[in-house]
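Subject: Structure handover

Hello,

Here is the structure for your files. Please open it next to this note. My findings follow below it.

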Amino acid sequence: MRQMRTNLEYLTDDELVLECMDLLKLMMKETNTQTIIMVFLIVYNFFSFLGYINLGFAWFLTQIMCWGLYFYHSHQYNKKRKDLRDLQEEMIKREIL
């Protein structure tokens, strides 16, 4: 996707639309992954608050791993959003949108 930014003008209109659709699918997967991680963290912390899960080192390590995964997928989503913005600008230039 990074190479494509510089070569957008060489893509045909159909390829540009297909790239946009693929990017939207990938963004949807990133959003779903973020949602799953956040729901897990909410449930995990709720049971920790109730005392069903011990608040030891494993709890702390799980928090670090989950938040790390969440922010990683958030970063990936933001990169894809920037690419989508570039695609949309090119589509507007070509009057596809």
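**Salt bridges**

Glu-30 and Lys-80 pair through their side chains in a salt bridge, 3.9 Å from N to O. Glu-30 belongs to helix α2 and Lys-80 to helix α3, so this pair ties together parts that lie 50 residues apart in sequence. Glu-30 and Lys-80 are both buried. A salt bridge here is a side-chain nitrogen of Lys or Arg within 4 Å of a carboxyl oxygen of Asp or Glu. Buried means under 20% relative accessible area, exposed means over 50%, and partly exposed lies in between (1.4 Å probe, protein chains only).

Before the rest, a word on the source. This is a predicted model: local features need pLDDT of at least 70, side-chain atom pairs count only at pLDDT 80 or more, and totals for chains, interfaces and linings use all residues. Residues are numbered from 1 along each chain as its sequence is written, and side-chain values use heavy atoms, with hydrogens and water left out.

The structure has four salt bridges. Another one joins Asp-13 to Arg-94, with the closest N and O atoms 3.0 Å apart. That pair links distant parts of the chain: Asp-13 sits in helix α2, Arg-94 in the segment after α3, 81 residues away. Asp-13 is partly exposed, at 39% relative accessibility. Arg-94 is also partly exposed, at 22%.

Arg-94 has a further salt bridge, to the side chain of Glu-90 (3.1 Å, N to O). Shared partners join Asp-13, Glu-90, Lys-93 and Arg-94 into one salt-bridge network.

Helices are DSSP runs of H or I with at least four residues, numbered from the N terminus. Helix α2 covers residues 13-50, which is 38 residues. Its span from first C-alpha to last is 56 Å, close to the 56 Å expected at 1.5 Å a residue. The expected span is 1.5 Å times one less than the number of residues. Helix α3 (57-93) has 37 residues and spans 54 Å, close to the expected 54 Å.

Which helix do the buried residues of α2 pack against? They pack against α3, where contact means heavy atoms within 4.5 Å. The buried set in α2 includes Leu-16, Leu-23, Met-27, Ile-37 and Leu-41. In α3 the buried residues include Tyr-70, His-73, Asp-83, Leu-84 and Leu-87.

What follows each helix? After α2 comes Gly-51, with a positive phi near 95°. After α3 comes Glu-95, with a positive phi near 60°.

**Cysteines**

How many disulfides are there? The count is zero, taking a disulfide as a pair of cysteine sulfur atoms within 2.5 Å. Cys-20 is buried at 10% relative accessibility. Cys-66 is buried as well, at 10%.

**Surface patch**

Val-39, Val-43, Phe-46, Phe-47, Phe-49, Leu-50 and Tyr-52 make a nonpolar surface patch of about 770 Å². Patch residues have over 30% relative accessible area and no salt bridge; like charges are joined within 9 Å, and nonpolar side chains (Val, Leu, Ile, Met, Phe, Trp, Tyr) within 5 Å. Accessible areas come from the Shrake-Rupley method with a 1.4 Å probe, and for residues only the protein chains shown count as cover. Leu-50 lies in helix α2 and is partly exposed, with 43% relative accessible area.

Best wishes

Conventions: Helix = DSSP H or I, 4+ residues; strand = E, 2+ residues; numbered from the N terminus.
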